[in-house]
Amino acid sequence: MRYLPKSPAERREMLSAIGANSIDELFECIPERYRLREALKLPGPFSEAEVIDYFKKRASENSVGYTSFLGAGVYNHLRSVITDTILLRGEFLTSYTPYQAEITQGTLQAIFEFQTLMCQLTGQEVANASMYDGSTATTEAALMAERLTGRRRVLVAKSLHPEYRDVLKSYAKHSGLLVEEIPYAASGMVDSKSLHAALKDDVAAVIVQSPNFFGVIEDVAEDADAVHAAGALLVVAVTEGVSLGALKPPVEADIVAMEGQSFGLAPSYGGPFVGVLASREKFVRQQHIRREKATSNICTNQALCALAATVHLTLLGKEGLREMAHQNLSKARFALSELEKIPGVKRKFDSPFFNEFTIDLPRSARIVNAELLKEKIVGPLSLGSLYPELTKTALVCVTETTSRAEIEQFAGALRRALEKPL
Amino acid sequence: MNGPTNKRIEKASTHPSQNEGLIFEKSSPGKRAFELPPLDVPDANASSALGKHFRADGVSGFPEVSEIEVVRHFTRLSTWNYAIDLGMYPLGSCTMKYNPRVNEFVARLDGIASEHPYQPDELSQGCLKILQLLEKCLLEITGMDAITLQPAAGAQGELTGLLLIRSYLERQGNPRKKVLIPDSAHGTNPATAVIAGYEVENIKSESHGQIDVEKLRDLVTEEVAALMITNPSTLGIFEERIPEIAQILHAKGALLYMDGANMNALTGIARPGDLGVDVMHLNLHKTFSTPHGGGGPGAGPVAMKKILEPFKPVPVLVEKGDGKLALDSNRPDSIGKVRAFTGNFGVLVRALAYILAYGSGVRQATEDAVLNANYIRKGLEGVYDLPYSLPSLHEVVFSDAIQKRNGGVNTMDIAKRLIDYGFHPYTTAFPLIVPGALMIEPTESESKEECDLFIQAMKSIAEEAAQDPEFVKHAPHTTRVSRLDEVTAARKPILRWNPAGASKAAR
């Protein structure tokens, strides 16, 4: 086997040095009746060429050749080949968590730069070394707010990513945290009337996402005043990091929980990504030394993904990020104007947006998407399964990677789909 | 250099020591490392589109550098790291094995890396087949009935496992109060139990380092939800009476959770499912070779017995009548989600690539891992104190008792001196039941030659510790930074670069 660096003679030599007659002797500590007598039924062994062939076949059964207008927390952005070139250096790729600081200064300095970049982006004072993803970072932010305030209720905007809300609920369920959802208003923003009504003195945190799940930019500054007046903390979740190249950072937030996938990480069918937790400096503290008193069970971060984000953002730099954000802004507006020309298609929320927006269709978005698929277009996300009241609403995402021609094809295909008799 | 010189070091190259500042210090306005294709739609007026939300000045402080500077900067930083690609990484419990490069290649294929988690199932059959095959392989390896690939890491797998147990017990009418955890357990176990809403009760090991079964019998009451066991234990010792332990728990309606961190000792040899384990997690970044990457990403699938299956996190992979695969979220008893989307898919791809390369030959990897650990144990027995003498599987735990007695050198000093010899340190001061532990796990990826060099280095350090303890206490001597003050770093952390120079955190 090509990964194993021993010849049969060396194995025999080592066994004899140990004083064992056979390798089986070394496993005698396992009661015999539990030792497998037969080989495991696994496919393989495969040569390198066969392994590649297997995955190329699987790749061909996916969406290659389709144009996608999906976003909703996972975005297609340009990535430089430099990022992977650095990531594939064995010194980064095959290094462990930097517990031995003398021989991991490379990883440590990269993380320090990552933390700095995240602070600059989010307008926060400190950032951590990364979390699993945006959903778990948001959950940690809620748990952090619970400890900081000593309160147990968390108000969550319904326009926070549905999967982030699901993850928060799984963690909250057994830790005594009460999660309450705040509806969205006709503007697509969090409904401030409902928010104010729910903001009692037992609220630990209010969690809003901006741009929110519908693509709408929330009025974070305004929310912050009400939240702080009630003695609660404001957590702002960001799923599309590139937006911060064009949008004012949520400096009014006490904690920012961000998904960093947009910074050089491929969609990869949902992961691995990189979560970011940034906050005010006064919240920084040491983990409890007693194991059962620990406030989080997370053992490691997503260092390599954080490195990808660091290299990517360093490459982009101030101007590159600004330009990328601007292109997203321009393309999304162009797409909206093309789609609005189609009879029956209406913009759902009349609020500022970045690179995602929702449209109302004259018929079920799910059925429309099935038509678009026939023209090799993965249509915008149909919101019906996540928001039962929005079955005819679709969430469109357009990034700098979407060409004008693709947008026009999409608009044409949508027009044809809607012209078809039901 | 005073004291025992480094002339005995046969393996190491000098640690690179070139200077490299922070990238922010190289910045100068107008430099670019990335260019976008020209905009092919009308230019939006950002100020009027975004109004008061517009960040007119861009991100203040972001670097402005050229491509060559970025490449050099990160390449230089990389040279300051130790890595598996440079040599042996005997970190006990961490299973630092070779990370095959083909795994990186396939995870980056167009059609794999490019796929969106919300694209229709009919366009994701390739991804779903990968998930299905990995599920089947891991079930075969663990001997369990069902599995979820969603957890992003081992610790999240632990939480998922305990939430499954909790939901199951709730369904029986009582979630119960306590989780029992041996004193040799990984630190994440107790932290996880607390987050799952349980009280932790520690169990002391008996004199051979195994679970005290008689004591366990007394501890297991109707209040106990589960026992979290690591097998082989963190001492590298197989818990011989695990089937009996499972029976004791089951008789009282409690379940057995197995921390699968040490599956590198069992893969192809024995299956937790056959041993009475009800639920366990696997660390794909340990046993299944996905790269640690300086601390993640990992993946922590959770395998379980049939009774826990209804509670699996959503979505669940299902095969439909027409043979097509789909993700099903309509599972009323599910514990919900522990992570957004379908888990760390890219990591799962790498793990499957590893399994396919071995097939049933994965048993040979386990055998070599155990062979290496025992070879090192034999080589160092007598030189270092062996507090528990039961047979070792994939790792061996010594203590610094001899060195501490003769000159006051401790496990951390020895570990740091090992760096000078060109090795990454072993795990120090863990498991907690061994004072001054040296926890060594070579994995199957080390040749006899590398094991021999390691044994020689450890013997040489033992001699140095006896002859010139001060020299060892001040190791490492060849790295670009010497031993750091970790206590002050934890108490007064500086967490970011600040343009003003003086960090607020430093004050």
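**Reading the packing of helices, sheet, domains and chains**

Guide: Let us begin with a pair of helices, and with the sense in which one passes the other: α6(A) and α7(A) make a right-handed crossing. Please keep in mind throughout that this is a predicted model.

Visitor: At roughly what angle do the axes of helix α6 and helix α7 of chain A cross?

Guide: The axes of α6 (residues 134-149) and α7 (residues 162-172), both of chain A, cross at roughly 50° and come within 9 Å. Angles from 65 to 115 degrees count as roughly perpendicular and those under 35 as roughly parallel, and α6(A) is therefore oblique to α7(A).

Visitor: Which residues of α6(A) and α7(A) meet?

Guide: From α6(A) come Gly134(A), Ser135(A), Thr136(A), Thr138(A), Thr139(A), Ala142(A) and Leu143(A), and they meet Glu163(A), Tyr164(A), Val167(A), Leu168(A) and Tyr171(A) of α7(A). Sorted by class, this contact of α6(A) with α7(A) has 6 nonpolar residues, 5 polar and 1 charged.

Visitor: How many residues does each chain bring to the contact between chain A and chain B?

Guide: Chain B brings 167 residues and chain A brings 152. On the side of chain B that touches chain A, helix α10 (residues 362-380) of chain B gives the most, with 11 residues, and that side as a whole divides into 91 nonpolar, 45 polar and 31 charged residues.

Visitor: Next, please, the sheet: what should I look for?

Guide: In general, the strands of a sheet pair through backbone hydrogen bonds, and the pairing is either parallel or antiparallel. In chain A, 4 strands form an open sheet with antiparallel pairing, in the order β9-β10-β13-β12. The edges are held by β9 (346-347) and β12 (381-382) of chain A, each of which has a single partner strand, so one side of each is left without a neighbour in the sheet. Between β9(A) and β10(A), which run antiparallel, there are 2 bridges, and Arg347(A) has Ile359(A) in β10(A) as its bridge partner. A helix, α10(A), packs on this sheet, where it touches β9, β10 and β13 (393-397) of chain A and makes about 10° with the direction of β10(A).

Visitor: Into which domains is chain A divided?

Guide: Chain A has domain 1 (67-75 + 318-419) and domain 2 (81-315), and their centres, taken over C-alpha atoms, are separated by 26 Å. In the contact between these domains of chain A, 24 residues of domain 1 meet 25 residues of domain 2. On the side of domain 1 of chain A that touches domain 2, α10 (303-340) and β10 (356-360) of chain A are the elements that give two or more residues, and α10(A) supplies the largest share, 8 residues. That side of domain 1 of chain A has 13 nonpolar, 7 polar and 4 charged residues.

Definitions and conventions
Residues numbered from 1 in each chain as written. Chains lettered and ligands numbered in written order. Predicted model: local features only at pLDDT ≥ 70, side-chain atom pairs only at ≥ 80, totals over all residues. Contact = placed C-beta atoms within 7 Å. Nonpolar A, V, L, I, M, F, W, Y, C, P; charged D, E, K, R; others polar. Domains from an automatic or database assignment. Pairing = 2+ DSSP bridges. Axes fitted to C-alpha atoms, helices over the stretch in contact; angles between N-to-C directions. Parallel < 35°, antiparallel > 145°, perpendicular 65-115°, else oblique. Left-handed = near helix turned anticlockwise from the far one by under 90°.
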